[in-house]
Amino acid sequence: MGKFLEEEKKKQRQFKMNSVYFSEKARADGYYRTKYRPFCLPEENAEENLFHTIRDPMMAYFSEHDIKWHDGHNGKPSNHMCDSQVCCANFLFPFFDKPDALAALLSPIFPTLQKMLPFEDNKFVAFEWIGLHNYLHEGKSPDNDNRTRGAFYTRADAAVKFLCSDGSIQLVLVEWKYTESYSPTAIKISPSQTDRTNIYACLYNSDDCILNKAAVPGFGSLFYEPFYQLMRQQFLAKEMEKAHELEADLVSLLHIVPRHNLDYRRITSPPLEKLGNSPTEVWQKLVRYPGKFTAVYTEDLIGKFDVSAFPEQRDWWSYVTSRYSWVVQYPG
């Protein structure tokens, strides 16, 4: 268990007990995986894990699109206050219907961004996006597009689309990390004894593979988290781009992780240890084409957002910088 996670558990408990954003009932310990925990909310108050202005619209959005909440119950989000999906929602859903603010947030990372384009439901951020088709042929029925968002299939935590200055359209899959850390455990063989290499070998062996196979020590070296996830998401982006999904000319992957989460930086795949000092540094060396993969620290993305230019976002800014105070703190 990572040090950053343990620190966040303490901070989230303090936030729950001392901030104005929770009801008295929500301040009680919440039952999570066999016992009551102070950094969790009671399940009946789990919606209070979300910033108050997004609770109803986000739960309605998940319900309408049959999206699964991670560890959620009864249509509500996880009651664990260190949940990554909840964290992603609290940071990004407030931009759901605010294209100008979203463009200001993303422009420092994507300097060719001219304006945001609607993605789903005429809004500007989609969540748990798996693509319009089963491009990776995953699941028990690999040719079936009747899939579940939020579970069982390769997905992005969020997705956005924008018009570039040259007139092209770029779609970005967003992978959001919070307190995650991973162990050096190979996952080539699934718990059901499925050899996962058989699912993705055709994409890896293709002539137009997105990965620089000359730099990969072997296909098996990618079957350690988070590299296994990065590989699948990069494959998904590539296949979506080939299909011009939602009229996109370019589909890229954006990886967002806290600089403060030093536990995430561990290189879990022994064959990849010499390629970099963090998973994202390694991955940038393995992706063949510039612009297909971008990594940014949450502190640099959110922490440098000029909220003074968007007064309607001030309540949100106060909330996230109080709850996730590390986002505006810059370690030496």
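Buried denotes a relative accessible area under 20%, exposed over 50%, and partly exposed the range in between (1.4 Å probe, protein chains only). The structure is a predicted model, in which local features need pLDDT of at least 70 and side-chain atom pairs count only at pLDDT 80 or more, whereas totals for chains, interfaces and linings use all residues. Residues are numbered from 1 along each chain as its sequence is written, and side-chain values use heavy atoms, with hydrogens and water left out.

**Figure 1. Overall fold of the protein, with 9 helices and 8 strands.** The radius of gyration is 20 Å, close to the 20 Å given by the globule rule for 332 residues, so the protein is as compact as a globular protein of that length. This radius is taken over C-alpha atoms, and the rule is 2.2 Å times the number of residues to the power 0.38. Along the principal axes, the C-alpha atoms fill a box of roughly 60 × 45 × 45 Å. Of the 332 residues, 56% count as buried. Helices (H or I, at least four residues) and strands (E, at least two) are DSSP runs, numbered from the N terminus.

Figure 2. T268 counts as buried because its relative accessibility is 1%. Apart from neighbours within four places in sequence, T268 is in contact (heavy atoms within 4.5 Å) with Y182, S183, P184, Y224, E225, P226 and F227. A polar atom of the T268 side chain lies 2.6 Å from the backbone oxygen of E225. M17, by contrast, is 36 Å from T268, C-alpha to C-alpha, and 251 residues away in sequence.

**Figure 3. The cis peptide bond between E225 and P226.** Omega of this bond is about 5°. P226 belongs to the loop between α5 (197-205) and α6 (227-242). Both E225 and P226 are among the contacts of T268.

**Figure 4. F152, a residue other than glycine with positive phi.** Its phi is near 80°. F152 is located in the loop between β4 (126-129) and β5 (156-164). With a relative accessible area of 73%, F152 is exposed.

**Figure 5. Q193, another loop residue with positive phi.** Phi of Q193 is about 70°, although this residue is not a glycine. The loop that holds Q193 runs between β6 (169-176) and α5. Q193 counts as exposed because its relative accessibility is 62%.

Key: A polar contact is a pair of N or O atoms within 3.5 Å; within protein, one must be able to donate a hydrogen and the other to accept it, and residues adjacent in sequence count only if both atoms are side-chain atoms.
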